[in-house]
Amino acid sequence: MPVERLNPPIGIDFNGDFHMPPPIIRVEETFTQFVRTFRGGGVLSHFVSKNPSSTLNADYYFPTDNVIAELKTLETDALDLETIDRRIMASYKWLGYRLEDYTDFLFGRKYLPDDVNQRVFSAVSRPIIDCVRKANKQIISSRRLIGKADAKGLILIANSGNFGFPPMQLMNVVLKGFDRLSEREKDGIVYFTPNVYHYVGDDVPYEIWVPIANEHGAELQEFIDSLGKAWFDYRETTGQASISRKTNSDLSPLLNAKVVQDWAD
């Protein structure tokens with residue numbers, strides 16, 4: 001079955017005053033409330049006849065569409081300066097560089113060596129890749145738990161606090177984790193950014209929703225697109241009234257997208 005990747009992102013501006021940050025939401029709590037409004041979906045445990053013996057279960061089940069979904073929230077900034085500094089120093093040491101080499105970089109006398117850069121990026125990417133792997137295991141376990149071996153699986157990666165990665169770079173890390181999963185045991189994955197907003201070229205802060213990969217064809221794609229639109233509908237009804245949306249099949253604006261960190265600018 002052909003793989004569909006990087007389908008149109010959906011953006012939503014959630015504040016008419018661009019100098020004021022939108023209200024922070026509790027992602028898991030808010031998304032769970034939203035799921036109950038969408039196509040008969042609910043918390044997966046509600047569809048189990050007895051208390052599950054395993055804690056390795058997914059979050060949601062949508063019986064109308066036979067989709068099991070697991071939400072993973074990225075809340076820690078992998079690229080905060082203190083963490084990166086520690087990882088760079090450790091990588092210099094691990095790769096056999098001298099202390100003088102590290103201080104040359106630290107004081108701007110030399111660029112970061114490629115092998116150090118690759119090791120640091122691998123280290124900060126690993127928790128995200130592991131997150132994707134765990135989510136998929138939970139979906140597989142949940143198929144057995146509710147007796148739906150043919151249920152489609154959807155991994156939802158919500159960036160709620162990782163400001164260091166540009167969106168395309170972070171999506172590539174998520175896709176890398178997805179590509180490492182067994183071909184027989186993966187279906188679809190979405191990346192979206194509640195609480196993290198981006199400028200994509202028009203000075204409007206957008207939350208983005210990007211279906212990164214779909215290996216289950218048009219039926220799952222329709223569910224993913226409808227889920228994204230309904231999520232933004234829900235955000236509109238439960239948030240501030242002034243919003244703007246943009247649906248775009250061209251991903252090029254995301255190549256130079258910037259994370260909004262200082263709302264006073």
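Biologist: What makes a set of residues a nonpolar core?

Modeller: A nonpolar core is a set of buried Ala, Val, Leu, Ile, Met, Phe, Trp, Tyr and Cys residues joined through side-chain atoms within 4.5 Å. Buried means under 20% relative accessible area, exposed means over 50%, and partly exposed is in between (1.4 Å probe, protein chains only). One heads-up: this is a predicted model, where local features need pLDDT of at least 70 and side-chain atom pairs count only at pLDDT 80 or more, while totals for chains, interfaces and linings use all residues. Residues are numbered from 1 along each chain as its sequence is written, and side-chain values use heavy atoms, with hydrogens and water left out.

Biologist: Okay, which residues touch the most other members of the largest nonpolar core?

Modeller: Ile 157, Ile 189, Ile 212 and Leu 254 do, in a core of 44 residues. Several elements each give at least two residues to this core, including strand 5 (67–74), helix 4 (114–146) and strand 7 (188–192). Helices (H or I, at least four residues) and strands (E, at least two) are DSSP runs, numbered from the N terminus. Helix 4 supplies the largest share, ten residues.

Biologist: Which residues does Ile 189 touch?

Modeller: Contact means heavy atoms within 4.5 Å. Leaving out residues up to four places away in sequence, the partners of Ile 189 include Val 132, Ile 157, Phe 178 and Ile 212. There's also a second, separate core of 25 residues, with Ala 69 and Leu 220 among them.

Biologist: Why is Thr 73 called buried?

Modeller: Its relative accessibility is 17%, and the cut-off for buried is under 20%, so Thr 73 counts as buried. Thr 73 is found in strand 5 and touches Val 27, Glu 28, Ala 158 and Ser 160, not counting residues up to four places away in sequence. Thr 73 and Glu 28 are 45 residues apart along the chain, yet their C-alpha atoms are separated by 7.6 Å.

Biologist: How do you know that the buried residues of helix 3 line one face?

Modeller: In helix 3 (residues 99–106), the buried ones are Asp 101, Tyr 102 and Asp 104. Looking down the helix axis, they fall within an arc of 160°, so they line one face. That arc is taken from the directions from the helix axis to the C-beta atoms.

Biologist: What does the salt bridge between Lys 152 and Glu 219 tie together?

Modeller: Their closest N and O atoms are 3.6 Å apart. Lys 152 lies in strand 6 and Glu 219 in helix 6 (residues 217–238), so the pair ties together parts that are 67 residues apart in sequence.

Biologist: Are Lys 152 and Glu 219 buried or exposed?

Modeller: Lys 152 has 6% relative accessibility, so it counts as buried, whereas Glu 219, at 55%, is exposed.

Biologist: How many salt bridges does the structure hold?

Modeller: Twelve.

Terms used: Salt bridge = Lys/Arg side-chain N within 4 Å of Asp/Glu carboxyl O.
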